[in-house]
Amino acid sequence: MPLKKSIFLIVLILIIDQISKIYIKTNFLYGEEVVVFDWFRIHFIENNGMAWGAEFGGRTGKLFLTIFRLFAISGIGYWLYKSIKNEAHTVLLVAISLIFAGAMGNIIDSVFYGVLFDTPYNATATLFAEKPYGELFFGKVVDMLYFPIWSGDLPSWLPFWGGKPFTFFNAIFNVADSAISIGVGLLIIFNKKAFPKEEVTA
């Protein structure tokens with residue numbers, strides 16, 4: 001898998017990711033939901049922190065997280081470059097490209113969305129707004145893919161959670177998150193191909 005194909009895959013994912021986020025943000029009210037199927041919905045939320053909306057440390061924590069992501073993407077990019085140079089297995093190159101593209105997609109939100117969009121009350125956002133909602137490095141990540149495959153009350157005999165309402169799968173994510181998850185999944189499932197052991201010769 002040469003460098004050009006890797007770049008093409010990364011750019012393709014970034015385009016799909018950003019187009020979907022911009023469309024959702026400029027056409028959906030915050031919290032608005034469209035039911036595609038019972039098990040798949042488009043539900044617009046924004047994530048100010050890490051996975052599942054986790055946050056830490058207020059503004060300082062948010063800035064640290066964004067800067068950490070920038071360092072991480074640099075490391076992933078170098079890993080991809082070295083892997084291509086060393087003619088690594090296609091599985092590894094595809095996985096790293098997916099992870100890189102996904103991380104970059106969310107970094108774009110975190111770094112730039114705060115100065116590109118507004119967040120008017122009870123209205124859709126405006127791209128290149130005169131009065132954006134935040135600052136550089138303080139943007140929020142747009143999420144919209146929701147797969148509530150099953151919802152109901154758990155059996156009462158279960159400890160701790162028995163009798164309580166439960167939804168599987170209740171995370172709301174985006175195309176970039178999907179790319180990262182698929183990339184990591186490829187590394188786990190095809191780890192022997194991605195990381196072949198060198199044969200020791202006598």
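A: Glu87 is exposed, with a relative accessible area of 71%; exposed means over 50% relative accessible area, buried under 20%, and partly exposed in between, with a 1.4 Å probe and protein chains only. The model is predicted, so local features need pLDDT of at least 70 and side-chain atom pairs count only at pLDDT 80 or more, while totals for chains, interfaces and linings use all residues. Residues are numbered from 1 along each chain as its sequence is written, and side-chain values use heavy atoms, with hydrogens and water left out.

Glu87 sits in the loop between H2 and H3. Helices (H or I, at least four residues) and strands (E, at least two) are DSSP runs, numbered from the N terminus. The phi of Glu87 is positive, about 55°, although the residue is not a glycine. This residue follows H2. Phe137 is another non-glycine residue with a positive phi, here about 75°. The loop that holds Phe137 lies between H3 and S3. With a relative accessible area of 26%, Phe137 is partly exposed.

H2 covers residues 58-85, which makes 28 residues. From its first C-alpha to its last, H2 reaches 41 Å, close to the expected 40 Å; the expected span is 1.5 Å times one less than the number of residues. Residues buried in H2 include Gly61, Lys62, Leu65, Thr66 and Arg69. Further along the helix, Ile73, Ile76, Leu80, Ser83 and Ile84 are also buried. What do the buried residues of H2 pack against? They pack against H1, H3 and S3, where a contact means heavy atoms within 4.5 Å.

One of these partners, H1, runs over residues 3-27 and has 25 residues. H1 reaches 36 Å from its first C-alpha to its last, close to the 36 Å expected. The buried residues in H1 include Leu9, Ile10, Ile13 and Leu14, and also the charged residues Asp17, Lys21 and Lys25.

The open sheet has 4 strands in the order S1-S2-S3-S6, with antiparallel pairing; two strands pair if DSSP finds at least two bridges between them. S1 (33-37) and S6 (172-173) stand at the edges with a single partner strand each, so one side of each has no neighbour in the sheet. Strands of a sheet pair through backbone hydrogen bonds, either parallel or antiparallel. S3 and S6 are joined in the antiparallel sense over 2 bridges. The bridge partner of Leu145 is Phe173, in S6.

Last, the setting of these parts. The chain has 5 helices and 6 strands, and from the N terminus on its elements run α-β-β-α-α-β-β-β-β-α-α. Its C-alpha atoms fill a box of roughly 70 × 55 × 35 Å along the principal axes. Of the 202 residues, 36% are buried. Among contacts with a separation of 6 or more, 64% come from residues 24 or more positions apart.
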